[in-house]
Amino acid sequence: MTYILILILGLIGIYKLRDGLLIIQNRRDAMENISVNIISNNSPQCKPFKQAG
């Protein structure tokens, strides 16, 4: 019974850690997209880029 409880608590901990890391990654990606959008503002003399996706 103890082993099952430890296994369940370990799995819960792993998923909580995974969720936290995903939140951090999403924040970093959002900040990166903001900086990319600032850089990609083209002047009228430049040919426009088409973004993939």
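1. The structure holds 1 salt bridge. Here a salt bridge is a side-chain nitrogen of Lys or Arg within 4 Å of a carboxyl oxygen of Asp or Glu. The partners are Arg18 and Asp19, whose side chains meet at 3.7 Å, N to O. Arg18 is partly exposed at 44% relative accessibility, and Asp19 is partly exposed at 40%. Buried means under 20% relative accessible area, exposed over 50%, and partly exposed in between (1.4 Å probe, protein chains only).

2. This is a predicted model: local features need pLDDT of at least 70, side-chain atom pairs count only at pLDDT 80 or more, and totals for chains, interfaces and linings use all residues. Residues are numbered from 1 along each chain as its sequence is written, and side-chain values use heavy atoms, leaving out hydrogens and water.

3. The chain has 1 helix and 0 strands. Helices (H or I, at least four residues) and strands (E, at least two) are DSSP runs, numbered from the N terminus. Helix H1 covers residues 2-39 and includes Ile8.

4. Ile4, Leu5, Ile8, Leu9 and Ile12 make a nonpolar surface patch of about 480 Å². Patch residues have over 30% relative accessible area and no salt bridge; nonpolar side chains (Val, Leu, Ile, Met, Phe, Trp, Tyr) are joined within 5 Å, like charges within 9 Å. Ile8 is partly exposed, at 43%.

5. Of the 53 residues in the chain, 0% are buried.

Key
Accessible areas come from the Shrake-Rupley method with a 1.4 Å probe; for residues, only the protein chains shown count as cover.
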